Amino acid sequence: MEERRVIEVKKNILAANDEAADAFRAARAEEGTFFVDVMASPGAGKTTILLAIIAELRGRGVEALGVIEADLESDVDALKIKEAGVESVELNTRGVCHVEMGMVERAFAAFAGAAGRFDYLFLENIGNLVCPADFDTGAHTRVMLLSVPEGWDKVMKYPPMFAAVDALIVTKCDYLPLNDDFDMDRLKTEARRLNPDLNIFVTSARTGEGVPDLVDWLQSQRAAKVQG
C-alpha cells in the first residue's frame, strides 16, 4: 500500500509538470523562440559544445540567443556564456538533481522582457543521466551528450535517457585515437535499439568536426516546430 501511494504522488507531480511544460512550449513556439534542452553527465562538454553551436549560429547570422545554465551551485558556466556575449541566466537548483518547469519559468522570467526576444534558447540541464530524463522542461527538442572519454557503454547503463531524447551528440571525438575501447558502431546500434528515430552527431568542439551538421539539424527542427 505504501508503494502505491509513492507511485501515485510521482504521477501527480509529473502530470502537473507536463501540463505546465506544454503551455510553456506552445507560448515559446508562438513567439518564435526555439527551446532546446541539453542533457549530459558532468564533464561531457555541455558548455563547450553550446559555445561551438553559438559560434556556428552567429556565423549564419543568428544573434538572438539565450542560455539558461542549471547547476547545483555556482555560476561558473553562466559566466563563460556571458563572456561569449550571450545572455545567460544562472539556475541554481540547490541540490535538486533535475530541472522542473517551475524552475524554467522563473529562469525565463529573469531575462528582462524575454518574450519574443530569442530565436534560440538553450537549457544546459543538470549534469546527470538519470533524473532529467523524467522531467519535461517545455523544450521543443531534447538532446543528450556522451563524450568519448566516458565510454560507449553508457547506453547500456542509462537507457531511459537515450530513449527520451531527439538527438545524441557524441562529443570530444578528437579523443577517439586515444580510446581504442570506444565502439562507435555498437553505441549507434544500441542507442537506436532504444530509440529508432534517434539522430546521432559525432562532434568535436575543439576541431569543429560535426558542428555544422548539428546546427543544420537544429535549424531544421526550429523551422518545423516554431513560428517565424
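**Close-up views of a predicted model**

At 26% relative accessibility, Ala-164 counts as partly exposed, a class that lies between buried (under 20% relative accessible area) and exposed (over 50%), as computed with a 1.4 Å probe on protein chains only. The model is predicted, so that local features need pLDDT of at least 70 and side-chain atom pairs count only at pLDDT 80 or more, while totals for chains, interfaces and linings use all residues. Residues are numbered from 1 along each chain as its sequence is written, and side-chain values use heavy atoms, with hydrogens and water left out.

View A. When neighbours within four places in sequence are left aside, Ala-164 is in contact with Ala-133 and Arg-142, contact meaning heavy atoms within 4.5 Å. The C-alpha atoms of Ala-164 and Leu-198 are separated by 9.4 Å, although these residues are 34 apart along the chain.

**View B. Aromatic pairing around Phe-24 and Phe-35.** Rings of Phe, Tyr and Trp (its six-membered ring) pair if their centres lie within 6.5 Å, and planes under 30 degrees apart count as stacked, over 60 as edge-to-face and the rest as tilted. By this rule the count comes to 6 aromatic pairs. The ring centres of Phe-24 and Phe-35 are 5.7 Å apart and their planes stand at 65°, so this pair is edge-to-face. Because Phe-24 lies in helix α1 (residues 2-31) and Phe-35 in strand β1 (residues 34-40), the pair ties together parts that are 11 residues apart in sequence. Phe-24 is buried, with a relative accessible area of 6%, and Phe-35 is buried as well, with a value of 0%. Ring pairs link Phe-24, Phe-35 and Phe-108 into a cluster.

**View C. Charged ends over aromatic rings, at Phe-24 and Tyr-120.** A charge sits over a ring if NZ of Lys or CZ of Arg is within 6 Å of the ring centre and within 35 degrees of the ring normal. Arg-28 lies over the face of Phe-24, at 4.6 Å from the ring centre, and the charged end of Arg-222 sits over the ring of Tyr-120, 5.6 Å from its centre.

**View D. Crossing of helices α2 and α8.** The axes of helix α2 (residues 46-59) and helix α8 (residues 211-225) come within 10 Å and cross at roughly 75°; axes are lines fitted to C-alpha atoms, for helices over the stretch in contact, and angles run from 0 to 180 degrees between N-to-C directions. That makes α2 roughly perpendicular to α8, a class covering 65 to 115 degrees, whereas angles under 35 degrees count as roughly parallel, over 145 as roughly antiparallel and the rest as oblique. Among the residues that make the contact are Ile-49, Ala-52 and Ile-53 of α2 and Val-211, Pro-212 and Leu-214 of α8.

**View E. Lys-225 in helix α8.** Lys-225 counts as partly exposed, at 32% relative accessibility. Apart from its neighbours within four places in sequence, Lys-225 is in contact with Ala-29, Phe-34, His-140, Thr-141 and Asp-166. The C-alpha atoms of Lys-225 and Phe-35, 190 residues apart along the chain, are separated by 9.8 Å.

Technical notes:
Helices (H or I, at least four residues) and strands (E, at least two) are DSSP runs, numbered from the N terminus.
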